[in-house]
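Me: I would like to go through a protein model with some questions. Please show the sequence and structure first.

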Amino acid sequence: MSVARPMAGLLLLPILQGCAFVQGTFFAGPPEPSPLEMQRDSILGVSPLDGSLWGILAVDAATGDTLYSENAGRRFIPASNQKVLTVAAALDRLGPDYRWSTAIYSLAGAPDEGGAIYGDVVIPALGDPTLGPPFHPSGADAIDALVQRLQGAGVQRITGEILIDVSAWDSTSVPGSWMVEDLPLGYGASGGAFAVNRGTVDVNLYGGTVPGAPPIVTWSPRGSPDFIDSRVTTASSGDVAPVRGYWLPESGRLRLEGSVPAERVERASVSMRDPVMESARALRNRMLEAGMVVEGGVRILWDRDLPLRAGCASGYIESCAFALEVMRLESPPLSRVAQVMLETSDNWMAEQLLRTLGHEAEGVGSREAGFRAVAAYLTGLGIPEHDYHLADGSGLSVHNLLTPGTLVTVLHHMETGPHAAAFRDALAAPGEMDSSLEERLLGLRGRFVGKTGTLRHVNSLSGYLTRPSGISVYVAMMSNGGGLPADDIREAMDRLLIELDRTLP
């Protein structure tokens, strides 16, 4: 067993697997294994679970004593336990009350008595991750909220363009280490400075009346009128093929292939891939549907310092003296966003939060700036650089690396810091509806909160365990390379946590 690294303000004492001392003819052999060690071997030491690499660390929160340690200093792919770092760094830097704002400015003064703005309007976008479920019933409802506020400010006509200023952020591309097969799916959606519905469109496919008939396809929010190129067919119930999406970069469209049963409705959530443009077009479309007149189109401003009307420039709309704020929509606080992100393990929100961290730290919403903000947080906790590698904010990349000791150090810092309540509330609990622990660890209901993580051949679990005696324990468990179904690894992990709870002194 490896020796855990000291944490700031908390000393982790190693468990000794055995010792040998030779003095003359005296020899002291290894001690008998503890009940927990025997339970560990009975669970993880049998085939085929013994082929997986395990990292485990359990620490008494009050004393700092290491209660169990196995490979605690080794680096593992963490899967969604990466989100623990992202949320902790964000709460530490931004605070739980931090909010995003989406505002619309007029570059031509206030609307006249007829509700007309004679010029362009601008949205200086800053990556609000809440313009969609569960903060709004749907992405379309989030757009409705913007339109209603605009109409509430008296605006009925815009003679110019709708300018979406995203110059505060960099490209909306996804990390290069993400799996290509994940990109069309909702959990692999790309982000953006202005993006609704978690970067996805909700597709409904209504099967035809007879096999071979083309289904009726609708989607929301509706941006480009030809965004979806459907090759889906209606099939008999025994010949249905899964519907799959393929991004067509040449045309900017999403092709759907597969089949649906006759006279049945199939639903899917697929990635927009260009969420900024699709969200902007959906906003303009909804304005028109609401009876507004928008004479210009939509233009995305990617570069800072582009000269605009009234002496304003992209990247500086909010500080331009001649830009008039017409409306503003504030997000729920970061504490609520963190709760949704961790409980449901939302990748898209985690990537939006990582870029927000970068923007708040360095003035640019880039992934690299976000990494530097997270790294600065970890360095402040005394965690060496070689104990982690950051490849994204969500854990979808297999290039991320963490040690169990790093996770425990972060858990300790958050539990003893000013944002302990917000962080604990953000973690999933056994039996909690719609959380990643809804059907797991039900025997620990009310005594454990934590974060799960799952990728192919990667599983993780970390969090806070409260013993029946009232003692609190920090726990981090990681498994890589198991080559087994995720359910098998998760079951073993849960069994070990329950045994840890049962056998610890």
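Me: Which residue caps the N-terminal end of α3?
Reply: This is a predicted model, where local features need pLDDT of at least 70, side-chain atom pairs count only at pLDDT 80 or more, and totals for chains, interfaces and linings use all residues. Residues are numbered from 1 along each chain as its sequence is written, and side-chain values use heavy atoms, with hydrogens and water left out. Helices (H or I, at least four residues) and strands (E, at least two) are DSSP runs, numbered from the N terminus. At the N-terminal end of α3, a side-chain oxygen lies 3.3 Å from the backbone nitrogen of alanine 140, and the residue that supplies this oxygen as the cap is serine 138.

Me: How far apart are the end C-alpha atoms of helix α3?
Reply: The expected span of a helix is 1.5 Å times one less than its number of residues. Helix α3 covers residues 139-152, which is 14 residues, so the span should be 20 Å. The model agrees, because the end C-alpha atoms are 20 Å apart.

Me: What covers the buried residues of α3?
Reply: Buried means under 20% relative accessible area, exposed over 50%, and partly exposed in between (1.4 Å probe, protein chains only). Among the buried residues of α3 are Ala142, Ile143, Leu146, Val147 and Leu150. Contact means heavy atoms within 4.5 Å. The cover over the buried residues of α3 includes β5 (101-106), α4 (275-289) and β20 (324-330).

Me: How are α1 and α10 oriented, roughly parallel or roughly antiparallel?
Reply: Axes are lines fitted to C-alpha atoms, for helices over the stretch in contact, and angles run from 0 to 180 degrees between N-to-C directions. Angles under 35 degrees count as roughly parallel, over 145 as roughly antiparallel, 65 to 115 as roughly perpendicular and the rest as oblique. The axes of α1 and helix α10 (residues 486-503) come within 10 Å and cross at roughly 165°. Therefore α1 and α10 are roughly antiparallel.

Me: Which residues of α7 make the contact with α2?
Reply: Helix α2 (residues 82-94) packs against helix α7 (residues 367-380) at an angle of about 80°, with the axes 9 Å apart. That makes α2 roughly perpendicular to α7. On the α2 side the contact is made by Leu85, Ala88, Ala89 and Asp92, and on the α7 side by Val374, Tyr377 and Leu378.

Me: Which residues does alanine 90 touch, not counting residues up to four places away in sequence?
Reply: Alanine 90 sits in helix α2 and counts as buried, at 0% relative accessibility. Its C-alpha atom is separated by 8.7 Å from that of threonine 356, 266 residues apart along the chain. Leaving out residues up to four places away in sequence, alanine 90 touches Gly95, Leu334, Leu353 and Leu357.

Me: Is leucine 441 buried or exposed?
Reply: Most residues other than glycine have a negative phi. Leucine 441 has a positive phi, near 55°, and is found in the loop between α9 (420-426) and β23 (448-455). Its relative accessible area is 6%, so leucine 441 is buried.

Me: What is the omega of the peptide bond from serine 47 to proline 48?
Reply: Most peptide bonds are trans. Proline 48 is found in the loop between α1 (35-44) and β3 (53-60). The peptide bond from serine 47 to proline 48 is cis, with omega near 5°.

Note on methods. Polar contact = N/O pair within 3.5 Å; in protein donor to acceptor, adjacent residues only side chain to side chain.
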